[in-house]
Amino acid sequence: MSFPKIDSKAPSFSLTDQAGAPHTLADYAGKWVLIYFYPKDNTPGCTVEALAFESKLPDFTKYNCVILGVSIDSEAAHKKFCEKQNLTFTLLSDVDKKMVHAYGVWDKKKFMGREYMGILRTSFLVNPLGIIAKVYENVKPPVHANEVLNDLSALSK
């Protein structure tokens, strides 16, 4: 699999969130959008990453940046995750795996010697014109929110 390239148009999508509301990339025209792909709701790394984004939400808002978390979990699983962790940003449900394929993040993974297909923890920062400004591979959940904020600061000047 290969990711969309920096300076290319971000692949469009149409998915529903934890409340069943529809979202498309076009809905966010004129805003920065951080699309972060994560493996599974309510798992340790994914929870750390989500809570880091939640704690920095006001900083992202200053840059007119929306955060969209994406996994293949159901709307109901996302809703439980949001309620349990008090998350207020949007989590998109990609149960058909269309978006994970479009962004090249569905690939072979290895854990404890076992190979399986899953989501590569990867994020894409999309500029207000819908162009990919930055691709983050092998994301480290505890530091990722600050990493993106530093890039937003530099790119917004």
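Reader: On the other side of α3, which residues are exposed?

Author: A residue is called exposed when its relative accessible area is over 50%. In this predicted model, the exposed residues on that side of α3 are K80, E83 and K84.

Reader: Which residues of helix α3 are buried?

Author: Buried means a relative accessible area under 20%. Helix α3 runs over residues 75-85, and H78, F81, C82 and Q85 are buried there. Seen down the axis of α3, these buried residues fall within an arc of 95°, so they line one face of the helix.

Reader: What do the buried residues of α3 pack against?

Author: They pack against α1, against β4 (65-71) and against β5 (90-93).

Reader: C82 is one of the buried residues of α3. How many disulfides are there by the rule used here?

Author: The rule asks for two cysteine sulfur atoms within 2.5 Å. By that rule the count is zero. C82 is in no disulfide, since the nearest cysteine sulfur belongs to C46 and is 13 Å away. For C65, also in no disulfide, the nearest cysteine sulfur is that of C82, at 17 Å.

Reader: Are these two cysteines, C65 and C82, buried or exposed?

Author: C65 has 7% relative accessibility, so C65 counts as buried. C82 also has 7% relative accessibility and therefore counts as buried.

Reader: Turning to the serines, where does S55 lie, and how far is S55 from K97 in space?

Author: S55 is in helix α1, which covers residues 44-55.

Reader: Why does S55 count as exposed?

Author: The relative accessibility of S55 is 52%, so S55 counts as exposed.

Reader: Where is S123, and is S123 buried or exposed?

Author: S123 belongs to strand β8, residues 122-126. With a relative accessible area of 0%, S123 is buried.

Reader: Which residues is S123 in contact with, leaving aside neighbours within four places in sequence?

Author: Contact is a matter of heavy atoms within 4.5 Å. With those neighbours left aside, S123 is in contact with L34, I35, Y36, K134, V135, Y136, V139 and H144.

Reader: What joins the side chains of S123 and H144?

Author: A polar contact of 2.8 Å joins the two side chains.

Methods. Residues are numbered from 1 along each chain as its sequence is written. This is a predicted model: local features need pLDDT of at least 70, side-chain atom pairs count only at pLDDT 80 or more; totals for chains, interfaces and linings use all residues. Side-chain values use heavy atoms; hydrogens and water are left out. Helices (H or I, at least four residues) and strands (E, at least two) are DSSP runs, numbered from the N terminus. Buried means under 20% relative accessible area, exposed over 50%, partly exposed in between (1.4 Å probe, protein chains only). A polar contact is a pair of N or O atoms within 3.5 Å; within protein, one must be able to donate a hydrogen and the other to accept it, and residues adjacent in sequence count only if both atoms are side-chain atoms. The arc is that of the directions from the helix axis to the C-beta atoms.
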